[in-house]
Amino acid sequence: MVGRKVHLVALMVVLVTGLWREGVRGGEVTYDGRSLLIDGQRQILFSGSIHYPRSTPQMWPNLISKAKEGGVDVIQTYVFWNLHEPQPGQYDFSGRYDLVRFIKEIQAQGLYACLRIGPFIESEWTYGGFPFWLHDVPGITFRTNNEPFKFYMQNFTTKVVNLMKSEGLYASQGGPIILSQIENEYKNIEAAFGEQGPLYVQWAANMAVALETGVPWVMCKQNDAPDPVINACNGMRCGETFPGPNSPNKPAIWTEDWTSFYQVYGGEPYLRSPEDIAFHATLFIAKLNGSYINYYMYHGGTNFGRTAAAYFITSYYDQAPLDEYGLLRQPKWGHLKELHGAIKNSSCTLLEGVKSNFSLGQYQQAYVFQEEMGGCVAFLVNNDSKKNATVQFGNKSFELLPKSISILQDCENAIFNTAKVTSESNTRIITTSQTFECADEWEEFLDVTPSYLDTSLRADTLLEHMTTTKDESDYLWYTFSFQPNSTCAEPVLHLVSLGHVTHAFVNNEYMGAAHGNHDVKNFTMETKIVLDNQMNNISILSVMVGLPDSGAFLERRYAGLAEVEIWCTEDQSYNFRNYSWGYQVGLCGQGLEIYNEQNLGNVEWSNITAVNQPLTWYKTYFDAPEGREPLALNLTTMSKGEAWVNGQSIGRYWVSFRTAKGNPSQTLYHVPRSFLKASGNLLVLLEEVGGDPLHVSLCALSVSTLNDTSSHFRLPS
């Protein structure tokens with residue numbers, strides 16, 4: 001009889017699992033002070049951030065599947081306003097921007113979704129996700145009690161909500177979306193707007209709730225989020241830093257548990273250990289009754305095109321449990337999977353039990369959840385980061401590793417310790433698939449350096465970069481003509497720029513470059529130049545490496561040249577701030593879109609005559625390597641620019657910007673398999689400073705365990 005019961009239970013599990021895999025169906029989503037309730041059932045939910053435009057639709061099923069296998073219940077994503085509404089009233093939800101397809105894939109794999117509409121998202125995404133046309137709306141001030149801004153914010157939020165409703169994607173309609181987010185970390189800047197800040201918060205909450213999605217709304221880093229919006233925590237240590245829900249009727253939610261951190265050009269990658277992630281996630285559950293934890297990011301992906309914000313590299317959160325290419329990063333992925341299993345084994349008691357806590361020593365603490373019917377779960381915490389601790393709990397002695405938490409499923413037997421990693425570590429294997437060393441297979445086009453007479457946009461002052469380009473290009477030419485008097489024997493060009501890079505040309509000759517960095521955007525350039533005694537053409541190329549993504553009054557930011565002088569002697573100089581300037585937005589090759597196959601004939605290409613030339617376009621063709629491993633271009637021998645494959649930008653590169661240790665911040669640039677055809681793939685490189693394309697290579701990526709040379713790359717099922 002006992003055996004028969006076991007078989008029946010096993011059959012029921014199989015049947016339920018089978019139904020679950022066919023696709024999740026939501027229901028009524030409510031909450032109380034303990035957790036979210038889905039169809040009246042309490043749940044502890046682990047979530048993972050995967051941003052749909054930072055990968056490709058062909059990658060989505062495998063990414064979501066690996067997240068599910070890792071014990072993730074929810075996929076969380078921002079919504080990217082600038083992608084979806086590039087011009088007012090013109091919408092794009094196709095290809096990598098197909099939000100509906102992404103949410104439906106989540107549903108098909110039996111997971112829930114959290115939709116962070118924002119529509120301000122920050123996210124190291126250019127302009128914080130805002131479309132740049134918003135900047136030019138008369139009378140607008142972003143993210144405050146400003147009528148023009150509120151009009152467009154409400155319009156886009158409503159557009160997204162109605163799109164989700166039309167596809168039946170909210171849990172209240174039987175869909176997977178169980179949470180939505182309005183605004184994003186607003187408390188960081190609220191004080192800058194004085195009394196208008198709180199009014200805006202209240203308006204945003206009321207506006208969102210009035211859209212009647214049938215699921216709760218959250219605001220992250222907004223401890224005074226108005227009812228019924230739930231205030232949520234972002235950070236690495238929310239178990240220690242979060243003051244908790246602002247109402248006893250709201251659950252403790254962690255919308256961003258940072259699995260790593262963003263990386264900027266000139267910066268080293270941030271390595272956060274799986275032990276540290278597991279410790280703070282467990283503490284959040286034990287100490288604060290946390291019932292929803294989202295890993296930011298679970299898969300970071302790639303900032304294709306010009307989508308990265310100012311100075312951020314093209315790769316995004318490569319140290320996440322799934323790396324940029326979707327490969328498992330071990331032991332991080334496996335250790336968190338074990339944590340999720342341990343918590344879910346105890347979820348009933350954690351959700352229904354009565355909690356108590358008491359000291360076990362100077363740096364040790366116990367949190368105990370006890371049910372009336374006998375269920376018991378204990379968390380034994382050792383906050384000493386240097387020493388093991390032996391503690392007495394119940395009738396047993398427990399040895400706790402430094403800075404760790406042991407989970408006792410029945411208050412007697414430890415089933416998991418946050419500092420004890422059992423998953424094997426792995427390492428990335430980079431295999432060269434193809435080189436491009438044959439000069440005969442490359443062609444080049446030297447872009448045109450415009451002079452003042454070549455320009456049609458004129459002004460008697462220095463124009464602000466972003467306002468002038470409208471973000472249609474990273475590049476803005478500042479040009480003027482100048483004839484010195486005969487005493488200017490050793491001239492020096494002196495520039496002050498507020499971002500991000502400048503290249504100087506005098507009479508079509510390259511004079512040099514300078515740049516700022518993520519922390520100090522403004523910089524000075526001083527370079528000796530050669531002037532003719534007659535009229536000279538001075539052309540200065542100002543370059544943005546992404547728009548700013550955060551802070552108050554984003555619409556008022558200034559970039560580009562702020563001061564231009566030519567010094568002749570200590571006593572003699574020329575100031576060109578208020579002078580006759582000519583401007584050109586973008587490069588010639590960019591305007592002609594010569595990265596697209598159909599536009600290659602718009603310019604005259606020639607065989608490579610020399611490498612390491614500034615402002616040079618290179619093109620070649622290649623066949624797709626066999627296999628299905630992820631691919632990346634190794635651009636170690638290039639300097640700074642952008643790369644396209646079959647007309648699709650794989651992002652900016654800046655290999656010459658070294659870290660304090662002398663390393664490039666990024667050398668490998670993701671080429672999604674879906675961008676390729678079997679043969680005849682067009683590769684175009686735009687090099688700003690001077691690089692060597694003959695030593696670029698295409699690489700295949702896989703992973704191997706550190707004690708085994710065999711590959712652990714797994715194909716999608």
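A: A disulfide is a covalent bond between the sulfur atoms of two cysteines. Here we call a pair of cysteine sulfur atoms within 2.5 Å a disulfide, and by that rule the count comes to three disulfides. This is a predicted model, where local features need pLDDT of at least 70, side-chain atom pairs count only at pLDDT 80 or more, and totals for chains, interfaces and linings use all residues. Residues are numbered from 1 along each chain as its sequence is written, and side-chain values use heavy atoms, with hydrogens and water left out.

Q: How is the link of Cys233 and Cys238 handed, and are the two cysteines buried or exposed?

A: The sulfurs of Cys233 and Cys238 are 2.0 Å apart, and the angle of -85° about the S-S bond goes with a left-handed link. Buried means under 20% relative accessible area, exposed over 50%, and partly exposed in between, using a 1.4 Å probe and protein chains only. Cys233 and Cys238 are both buried.

Q: Which parts of the chain does the pair Cys376 and Cys411 tie together?

A: First the bond itself: the sulfur atoms of Cys376 and Cys411 lie 1.8 Å apart, and the torsion about their S-S bond is about -75°, so this disulfide is left-handed. Cys376 sits in strand β14 (residues 376-382) and Cys411 in the loop between β17 (404-408) and β18 (414-417), so the pair ties together parts that are 35 residues apart in sequence. Helices (H or I, at least four residues) and strands (E, at least two) are DSSP runs, numbered from the N terminus. Cys376 counts as buried at 12% relative accessibility, and Cys411 is buried with a relative accessible area of 12%.

Q: Where are Cys488 and Cys568?

A: Their sulfur atoms are 2.0 Å apart in a disulfide. With a torsion of about -90° about the S-S bond, the disulfide of Cys488 and Cys568 is left-handed. The pair links distant parts of the chain, 80 residues apart: Cys488 is in the loop between β22 (475-482) and β23 (492-497), and Cys568 is in the loop between β28 (561-567) and β29 (573-575). Both cysteines of this pair, Cys488 and Cys568, are buried.

Q: What is the pairing when the bonded cysteines are numbered in sequence order?

A: The pairing is 1-2, 3-4, 5-6. Cys220 is in no disulfide, and the nearest cysteine sulfur, that of Cys233, is 9.3 Å away. Cys220 is buried, with a relative accessible area of 1%. As for Cys699, the closest cysteine sulfur is in Cys438, 19 Å away, which is too far for a bond. Cys699 also counts as buried, at 1% relative accessibility.

Q: Now for helix packing. At what angle do the axes of α4 and α5 cross?

A: Two packed helices are described by the angle between their axes and the distance between the axes. Axes are lines fitted to C-alpha atoms, for helices over the stretch in contact, and angles run from 0 to 180 degrees between N-to-C directions. The axes of α4 (residues 99-108) and α5 (residues 147-166) cross at roughly 50° and come within 11 Å. Angles under 35 degrees count as roughly parallel, over 145 as roughly antiparallel, 65 to 115 as roughly perpendicular and the rest as oblique. So α4 and α5 are oblique to each other.

Q: Which residues meet where α4 touches α5?

A: Leu99, Val100 and Ile103 of α4 meet Val160, Leu163 and Met164 of α5, where contact means heavy atoms within 4.5 Å.

Q: How do α5 and α6 compare in direction, parallel or antiparallel?

A: The axes of α5 and α6 (residues 196-209) come within 11 Å and cross at roughly 25°. That makes α5 roughly parallel to α6. From α5, Phe149, Lys150, Met153, Gln154 and Thr157 meet Tyr200, Trp203, Ala204 and Met207 of α6.

Q: Which residues of helix α2 are buried?

A: In α2 (residues 60-69) they are Trp60, Asn62, Leu63, Ile64, Lys66 and Ala67. Their cover includes β4 (45-50), β5 (74-78), α4, β11 (292-299) and α9 (332-345). After α2 comes Gly71, with a positive phi near 90°.
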